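Hello,

Here is the structure I promised to pass on. My notes follow below it.

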Amino acid sequence: MSRGSFQVNLFPYNLRSKCGSERYFLVKSRSIDFGWRRRLLTDEAMANSDLSGLIAILGYVAVAAGIVLYQAFTSGCGWRAWVLHKADRFYIGLMWRPRMNRRCPFPEDGPVLFIVNHRSTVDPAIAWYPHHLVGTKRRVRTPGYLATQMFCDMPGIVGWTIAAQESIPVDDQAGHNPHAIHTALRRLRDGKMVGIFPEGRINRGPGILPGNPGVAYLAIRARVPVFPIYLENVPVSESYLRPFFMPRRVRITFGDAIDLSEYEGRLKDSAALQEATGKMMQALADLGGVEVQPRVESVSAPPTPVLD
């Protein structure tokens with residue numbers, strides 16, 4: 001009886017326990033199933049959001065790249081000059097933080113001949129820095145510097161930079177350079193820019209060195225105004241590369257155009273060319289508040305370049 005009683009009493013307990021266990025496991029399994037499905041949905045939503053974000057980023061990059069390529073290839077100066085000028089503006093603004101007395105006075109279109117004092121290897125880059133600040137077009141124009149043949153023939157980044165600026169090679173060993181003058185005249189007649197360092201070399205001393213009469217000859221024959229640019233506090237070193245890594249606070253001073261129309265028709269007059277050269281160099285010196293050093297005459301001095 002006690003055994004039957006035990007069995008009778010045990011059965012409802014086991015039945016309740018069994019029912020309770022099945023119900024527990026059913027509820028538990030359903031909760032696990034719902035949790036697993038919720039996790040799958042969450043992971044899928046996160047994957048979709050990550051994919052959408054990646055697609056959006058790639059879209060922005062593609063649009064930005066398209067804008068850059070469009071500006072580079074429609075700039076009118078070539079994609080190499082455009083890229084170089086953007087890098088020039090970024091690096092110079094970071095390293096030398098130029099200050100200017102005014103906006104660049106060059107005309108927006110047409111030929112431009114400008115002269116710059118020469119004290120450092122970074123002068124071409126600094127003088128080119130503000131050329132886009134002209135009028136409302138903000139168009140980049142290649143400077144077309146007259147550069148030493150040695151630098152034009154250099155491989156690597158130096159040669160690439162000079163080629164991107166459409167520089168004109170000049171042979172320092174020759175007494176005069178008719179090819180360089182013809183090339184500069186063609187650029188000016190095509191409405192382009194030509195930049196010249198009239199001192200002919202880097203000036204390590206005070207003031208400004210006397211100018212080369214060939215600059216006056218070029219300006220008079222091309223019948224274009226000459227714009228002087230004076231660079232002050234540029235990094236100076238005996239090394240060619242060290243100035244590019246010397247921080248400075250550079251000042252760029254623009255002068256008014258120099259009118260040489262009074263010397264037209266006197267290209268074969270050496271005295272007139274010397275006088276016009278002195279006028280240009282004095283205007284350049286006045287911008288920096290310095291003096292033009294006296295010319296040292298030499299027996300082996302190269303003749304004034306005259307092109308008939």
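Is Lys-279 buried, partly exposed or exposed? Lys-279 is partly exposed, with a relative accessible area of 32%. (Buried is under 20% relative accessible area, exposed over 50%, partly exposed in between, with a 1.4 Å probe and protein chains only.)

Two points on the source. This is a predicted model: local features need pLDDT of at least 70, side-chain atom pairs count only at pLDDT 80 or more, and totals for chains, interfaces and linings use all residues. Residues are numbered from 1 along each chain as its sequence is written, and side-chain values use heavy atoms, with hydrogens and water left out.

Salt bridges: the structure holds five. (The criterion is a side-chain nitrogen of Lys or Arg within 4 Å of a carboxyl oxygen of Asp or Glu.) Lys-279 forms one with Glu-262, at 3.0 Å, N to O. Glu-262 sits in the loop between β7 and α8 and Lys-279 in helix α8, so the pair ties together parts 17 residues apart in sequence. (Helices, H or I of at least four residues, and strands, E of at least two, are DSSP runs numbered from the N terminus.) Glu-262 is partly exposed at 48% relative accessibility.

Another salt bridge joins Glu-166 and Arg-187, at 2.6 Å, N to O. Glu-166 is partly exposed at 29%. Arg-187 is buried at 8%.

Now the strands. Six of the seven residues of β6 (226-232) are buried. Four bridges join β6 to β2 (112-116), running parallel. Four bridges also join β6 to β7 (251-254), running antiparallel. (Strands pair if DSSP finds at least two bridges between them.)

Best wishes
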